[in-house]
Amino acid sequence: MIPRQVRVKKIFWETEDVFTLELVSEDYPMSEFYFRPGQFNMLYAFGVGEAAISISSDSAKKNSILHSIHKVGYVTNALSKLKKGDVIGIRGPFGKAWPLEEIKGYDICIMAGGIGLAPLRPSIYYILKHRKQYGKFTLLYGARSPRDMLYPVELEQWAKKHDIHIETIVDRADSMWRGQVGVVTELIDYAELDPERTRSMVCGPEIMMKYSIDELKKNGLNEDQIYLSLERNMKCALGFCGHCQYGPSFVCKEGPVFNFSKVKDIFEIREL
Amino acid sequence: MEDLSGVLRNHPFIKDLDENYLKQITGCASNVLYHENDIIFSEGDEAVQFYLIRTGKVALEINGREKGNVRILTMGPGQILGWSWIISPYKWHFEARALEDVRAIALDGECLRNKCEEDPKLGYEMLKRFSHILEQRLQSTRMQLLDVYKRG
Amino acid sequence: MKTISKDSLDKIIGYLKYKGYKVIGPSVRDGAIIYDEISCIEDLPAGWGDEQEAGHYRLRKRNDGALFGYAAGPQSWKKFLFPGKLKLWEAEKNSKGFEITPANGQFPKYAFIGVRSCELHAVFIQDKVFNNGMFSDTYYNKIRKNIFIAAVNCAEAGKTCFCVSMKTGPKAEEGYDIALTEIINQDEHYFVVDEGTPKGSELMEQIESLTSTEEQLAAADDALKNAESNMGRTLETDGIKSLLYKNHANTVWDQIAKRCLSCANCTMVCPTCFCSNVEDVTDLSGDHTERWRTWDSCFNLDYSKVAGGNFRTSIKARYRQWMTHKLASWIDQFGISGCVGCGRCITWCPVGIDITKEVSNIRKSLKN
């Protein structure tokens, strides 16, 4: 599968090491890039390589797509140096999406950690847009520090203008921080979950997801009421290269979003 | 003044406690209200009470000297503020500040300590409940130490 | 069934070449039987056999002039369908940004001579891998659809063979255009030929042959029976999926990890291992770049690396991944085991780790 070219319409920094690319295409109709919340693209930096990056824009927005990217490796470093008007390659969208249809009618509790808010943002847009089709909507978001918090302005606007209960927390505060301090799991106490009516979507570092799922279960959620998005080494995104295998699953095509009941038996196995 | 046992019974910390003990604890309890930004207790003060938070959020802060006031933990409804009352020399390690209007039940430390000394069964019950909270706090602190969101 | 003389095989090769096939068959090179282009029967390893054991491979001279008197060598046919190094595309910088051009696709029409039953099964397995229901690999499928396959039934089994356990041999049952059984007795050297497809029959019409006699058919049968009853290894496959799934914490993995060098030999010689990586190669000007796909291995440390971490750093975890994938999760993924019992991973392991023995070690550990 060969990357298609897209142009950088805008690049801006969300935090010290997370930046967002807004991408548009002149050569292809933007409808070719339609995606469902939770899916990812393979972004190609010329001569450097590809990285799997989840899509973080509103899936109803038809004229461009956004990718929020953590600058951590060769490829993301190269992507971070792009300027407006530069061209990159893109393949996708790939992977299973968040189950936004199946969970209609339920209370929704989203738990996000760090960059894990990026793949969930399209779901938030979707639920807010179809707000009446869902019950109580809670977003619990934990970040490393106030400065590492993604989309702070948007979080504030959502809380102000929409029917959504948002709790944010940071691991480490600075002297300016007036918000909550601690780990994201502590926020569940404030969500007042009605376990039977709740469906939860979790995304963040795997260790954060592990503790979040434990806490959701303690609050009465069943394994099949919890969805998570896993990260593995996605290279081809087609299920051929083998790198993203997790037990019997190829995360690139059977994930990245999984129902937790599907992976619960292997979730605790070390180095699987 | 209304009997606080009803309010106490609904707090997760007191959940499923024997009625007899509930009555004893109620004897040490009082209703407290703090306004936004009120200091609930200060670092180094004697820990005479602890608090079962009913509404509102509280921050624990430490005087970070040249780092300024650093917030190390926040807590809210259903949670317990303070355990220095149970461990000698009964001094607060942090400053507790109300982030919004806070309603809580204050329990008198000395009163409760005396009751626990008299009735070790009650003492054991209290310690079990507190060690659960301590374990959770320790676990959270470990997770914070893990620095799970840091990459590279 | 038809019987052809040994020399008629030369005619088969000639006819396939005439039909435009690139004919690939076994040859002796660097002290091993390898697969490469052949042009006539003289290129085949006449009179060569091999001896194989865990971590051991030697060619030895046979005294019967057999053309196919050896077991599976270090190479498999996968290198033609799924090349070790394949250019996917190249890109050139231009005023608009850059332009990507797919690699100038050459899709040779191959005829494979001497495909063993286990190897045929390996091809069936990779057929599923490279056609996974959502995506299909262009190169693999373009090559695959035009291959001519001349299978060879095994008359002998190697010391590391266990196709009988994996139900993949020694007799080629399907998926070939023709299947040959080589018979050598005191004064004859001939092949019994089975035509598997119209393409195979069409070829055989051009080749001088006789209808096989009862004796010849019996001799072919005996040869297969000989191979079947002389398997060097066995692997107990009963309940193997749950055995491995349930034993991720077994101490047998620690024992293996003490020996395993994570050299990736087993994955390179395995005819079903399909993992690959991509490399982007840029010239010095920085204006021209190429993307190459290369074989990769779950034994390589970078294999399970992600931004800011690695999911499988210990050798133990990497070996467990390989074996559990091969024998267990493969079944969930593709409905079939990933092992065909060819024994290559045993023979070519520099420290002689034996997959059949390790499975039985896990079974034994449960009995103690």
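**Side-chain interactions in the predicted model**

The charged end of A:Lys62 is placed over the ring of A:Tyr34, 4.0 Å from the ring centre; a charge is taken to sit over a ring if NZ of Lys or CZ of Arg is within 6 Å of the ring centre and within 35 degrees of the ring normal. A:Lys210 likewise lies over the face of A:Tyr211, at 5.4 Å from the ring centre. The model is predicted, so local features need pLDDT of at least 70 and side-chain atom pairs count only at pLDDT 80 or more, whereas totals for chains, interfaces and linings use all residues. Residues are numbered from 1 along each chain as its sequence is written, chains are lettered from A and ligands numbered from 1 in the order in which they are written, and side-chain values use heavy atoms, with hydrogens and water left out.

Aromatic rings were examined next. Rings of Phe, Tyr and Trp (its six-membered ring) pair if their centres lie within 6.5 Å, and planes under 30 degrees apart count as stacked, over 60 as edge-to-face and the rest as tilted. By this rule, 41 aromatic pairs are found over all chains. One of them is the stacked pair of B:Phe50 and B:Trp85, with 4.6 Å centre to centre and 10° between the planes. B:Phe50 belongs to strand E3 (residues 49-55) of chain B and B:Trp85 to the loop between strand E6 (80-81) and strand E7 (95-98) of chain B, so the pair ties together parts that are 35 residues apart in sequence. Helices (H or I, at least four residues) and strands (E, at least two) are DSSP runs, numbered from the N terminus. B:Phe50 is buried at 0% relative accessibility, and B:Trp85 is buried at 0%; buried means under 20% relative accessible area, exposed over 50%, and partly exposed in between (1.4 Å probe, protein chains only).

In chain C, C:Tyr319 and C:Trp322 form an edge-to-face pair, 5.7 Å centre to centre with 65° between the planes. Both residues lie in helix H11 (residues 315-334) of chain C, 3 residues apart, about one turn of the helix. C:Tyr319 is buried at 4%, as is C:Trp322 at 3% relative accessibility. Ring pairs also join A:Phe240, C:Phe82, C:Phe130, C:Tyr140 and C:Trp295 into a cluster.

A nonpolar core is a set of buried Ala, Val, Leu, Ile, Met, Phe, Trp, Tyr and Cys residues joined through side-chain atoms within 4.5 Å. The largest such core has 79 residues, of which A:Met111, A:Leu228, A:Leu230 and C:Phe112 touch the most other members. Helix H3 (residues 117-129) of chain C gives the most to this core, with 7 residues. Beyond its neighbours within four places in sequence, A:Leu228 is in contact with residues including A:Trp98, A:Val202, A:Met209 and A:Phe267, where contact means heavy atoms within 4.5 Å. A second, separate core holds 41 residues, among them B:Leu8, B:Leu60, B:Ala98 and B:Val102.

The structure holds 1 disulfide over all chains, a disulfide being a pair of cysteine sulfur atoms within 2.5 Å. This link joins B:Cys28 to B:Cys111, with an S to S distance of 1.9 Å, and is left-handed, with -70° about the S-S bond. B:Cys28 is buried at 4% relative accessibility, whereas B:Cys111 is partly exposed at 22%. In chain C, the sulfur of C:Cys298 is 5.8 Å from the closest cysteine sulfur, in C:Cys275, too far for a bond.
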